[in-house]
Structures are given as structure tokens and as C-alpha cells.
Amino acid sequence: HLGRLMRRGLIGEFGAESLRHHPRYLSALRARRAGLEAAPMEDRIKMERVASFQAAYDARVAALPDGLPPSVGLRRLGALIEEFRVSLWAQHLRTAEPVSEQRLRKAIDGLVG
């Protein structure tokens with residue numbers, strides 16, 4: 001997950017505006033890591049909740065023609081997935097907007113193509 005948050009091409013994929021949220025995403029990742037040893041099964045359950053949304057996002061990004069940036073809707077989905085992670089592992093950091101599995105499904109359904 002850290003590699004995903006800090007990789008080359010991040011701004012092109014998420015947009016420059018999303019970078020202001022990255023410190024919170026990184027803090028949520030640290031909170032997840034801190035709790036992992038104490039509750040590995042709980043972590044696994046949470047990851048399973050995220051996995052299908054992340055896979056749908058990754059598939060859409062991978063299907064983009066070379067050089068074509070993600071649509072606004074796809075960038076929004078990526079941000080919502082990160083917010084969902086915050087909601088699962090670091091509620092004390094608060095999400096930038098309300099997020100739920102239902103909202104994520106709606107965002108995926110709203111993508112064209």
C-alpha cells in the first residue's frame with residue numbers, strides 16, 4: 001500500500017489536488033501497521049472489504065490507453081478507496097467526505113466503459 005501511495009505517476013493518476021490528503025492516508029497506513037500484530041484477523045477482514053474495490057479500480061486504470069490520464073470519475077474512485085481505508089483503520093483521522101461500501105459501488109457503477 002505504501003508503494004501505491006508513493007509511486008511514480010501518482011499526480012497523473014490521482015491529480016495534484018489529492019496530494020493534500022496524502023499525509024492523512026500515510027497516517028492511516030501507520031495506524032494500520034501499528035494494529036496489525038495485535039489483530040491480524042481483523043486486518044485481514046478489513047482488507048477483504050477493500051480488495052474488490054481496489055481490484056475494480058486497478059483494472060480500470062490498467063485498461064487506459066498509454067498516456068491517457070484517468071477520468072475525473074476514476075480519480076474520484078481512487079480517492080474514495082483511500083478514504084474507505086481511513087474509515088476502516090484510522091477513524092480518528094476522519095475522512096474528507098462520507099464513504100461506505102455502497103458509495104464505492106455507486107462510484108464504480110457510474111464509471112463509463
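The legends below describe close-up views of a predicted model.

View 1. The chain contains 6 helices and 0 strands. Followed along the sequence, these elements give the pattern α-α-α-α-α-α. Helix 4 covers residues 40-62, and helix 5 covers residues 72-89.

View 2. Of the 113 residues in the chain, 34% are buried. Among contacts in the chain with a separation of 6 or more, 68% are between residues 24 or more positions apart.

**View 3. The aromatic pair Phe-53 and Phe-84.** The structure has 1 aromatic pair. The ring centres of Phe-53 and Phe-84 are 6.1 Å apart and the ring planes meet at 85°, so the pair is classed as edge-to-face. The cut-off for this class is an angle over 60 degrees between the planes.

**View 4. Burial of the two Phe residues.** Are Phe-53 and Phe-84 buried or exposed? Both Phe-53 and Phe-84 are buried. Buried here stands for under 20% relative accessible area.

**View 5. Arg-32 and the ring of Trp-89.** Arg-32 is placed over the face of Trp-89. The distance from Arg-32 to the ring centre of Trp-89 is 4.8 Å. The cut-off for a charge over a ring is within 6 Å of the ring centre.

Technical notes. Residues numbered from 1 in each chain as written. Predicted model: local features only at pLDDT ≥ 70, side-chain atom pairs only at ≥ 80, totals over all residues. Heavy atoms only, no water. Helix = DSSP H or I, 4+ residues; strand = E, 2+ residues; numbered from the N terminus. Buried < 20%, exposed > 50% of the residue type's maximum accessible area, 1.4 Å probe, protein only. Contact = heavy atoms within 4.5 Å. Phe/Tyr/Trp six-rings, centres within 6.5 Å; stacked < 30°, edge-to-face > 60°. Lys NZ or Arg CZ within 6 Å of the ring centre and 35° of its normal.
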